[in-house]
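Work through the exercises below with the model open beside you, and try each task before reading its solution.

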Amino acid sequence: MSDRYIARSTEIAARILGGEMMIMSAVDSTFFTLNEVATAVWQAADGRTPLSEIVVRAVCDQFEVDPEVARADVDAFVDELSRHGILLVSDRPFDNASSGPGEAA
Amino acid sequence: HKESARSAGKKPYHKPEFRFERA
């Protein structure tokens with residue numbers, strides 16, 4: 001399977017609270033709460049790091065999980081979040097994606 | 001005698017999930 005790149009939408013406001021990322025979509029005012037592993041993926045979504053590398057660095061290196069399980073879970077999570085429009089997915093790196101801790105005004 | 005070393009210091013894993021509500 002070819003690699004993918006993920007970037008956070010700019011149409012959101014996000015804050016981390018108690019290890020969980022809280023995200024408000026500016027498009028439809030939907031309010032999302034991510035668990036700790038999902039938050040780690042979200043924070044690593046800089047648009048330039050391949051998803052396979054994010055799985056290793058943000059998930060497998062930090063949490064006790066089999067790499068294949070982590071990859072499958074992250075793939076499903078990314079697909080679901082992209083359907084809600086707050087995570088952008090591409091087969092190429094994004095030019096002007098935001099880096100940083102994943103929080104946004 | 002059993003060798004845990006690899007996972008030492010790692011946090012328990014939970015499937016990445018989110019919940020959402022229409023504000």
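**Exercise 1.** How many residues of chain B are in contact with chain A, and how many residues of chain A are in contact with chain B?

*Solution.* The model is a predicted one. Counting the contacts from each side in turn, 15 residues of chain B touch 28 residues of chain A. The size of an interface is often given as the accessible area lost when the parts come together. Here chain B and chain A bury about 1900 Å² between them, with 58% of that area on carbon and sulfur atoms.

**Exercise 2.** Identify the polar links across the interface, and then the elements of chain B that take part.

*Solution.* Begin with the salt bridges: one is found between chain B and chain A, and in it B:K11 pairs with A:E36, the closest N and O atoms being 3.2 Å apart. Next, seven residue pairs between the two chains are in polar contact, both residues being at pLDDT 80 or more. On the side of chain B that touches chain A, the elements giving two or more residues are β1 (11-12) and β2 (18-22) of chain B, and the largest share, five residues, comes from β2(B). By class, that side of chain B divides into six nonpolar, two polar and seven charged residues.

**Exercise 3.** In which sense do strand β6 of chain A and β1(B) pair?

*Solution.* Strand β6 (residues 63-64) of chain A pairs with β1(B) in the parallel sense, over two bridges. Within this pairing, B:K11 is the bridge partner of A:F63, while B:K11 also forms the salt bridge with A:E36.

**Exercise 4.** Is A:T49 buried or exposed?

*Solution.* Locate A:T49 in strand β5 (residues 46-50) of chain A. Its relative accessible area is 16%, and the cut-off for buried is under 20%, so A:T49 is buried. Leaving aside neighbours within four places in sequence, A:T49 is in contact with A:R4, A:Y5, A:A44 and A:I54.

Technical notes. Residues numbered from 1 in each chain as written. Chains lettered and ligands numbered in written order. Predicted model: local features only at pLDDT ≥ 70, side-chain atom pairs only at ≥ 80, totals over all residues. Heavy atoms only, no water. Helix = DSSP H or I, 4+ residues; strand = E, 2+ residues; numbered from the N terminus. Buried < 20%, exposed > 50% of the residue type's maximum accessible area, 1.4 Å probe, protein only. Contact = heavy atoms within 4.5 Å. Buried area = accessible area lost by both parts, 1.4 Å probe. Salt bridge = Lys/Arg side-chain N within 4 Å of Asp/Glu carboxyl O. Polar contact = N/O pair within 3.5 Å; in protein donor to acceptor, adjacent residues only side chain to side chain. Nonpolar A, V, L, I, M, F, W, Y, C, P; charged D, E, K, R; others polar. Pairing = 2+ DSSP bridges.
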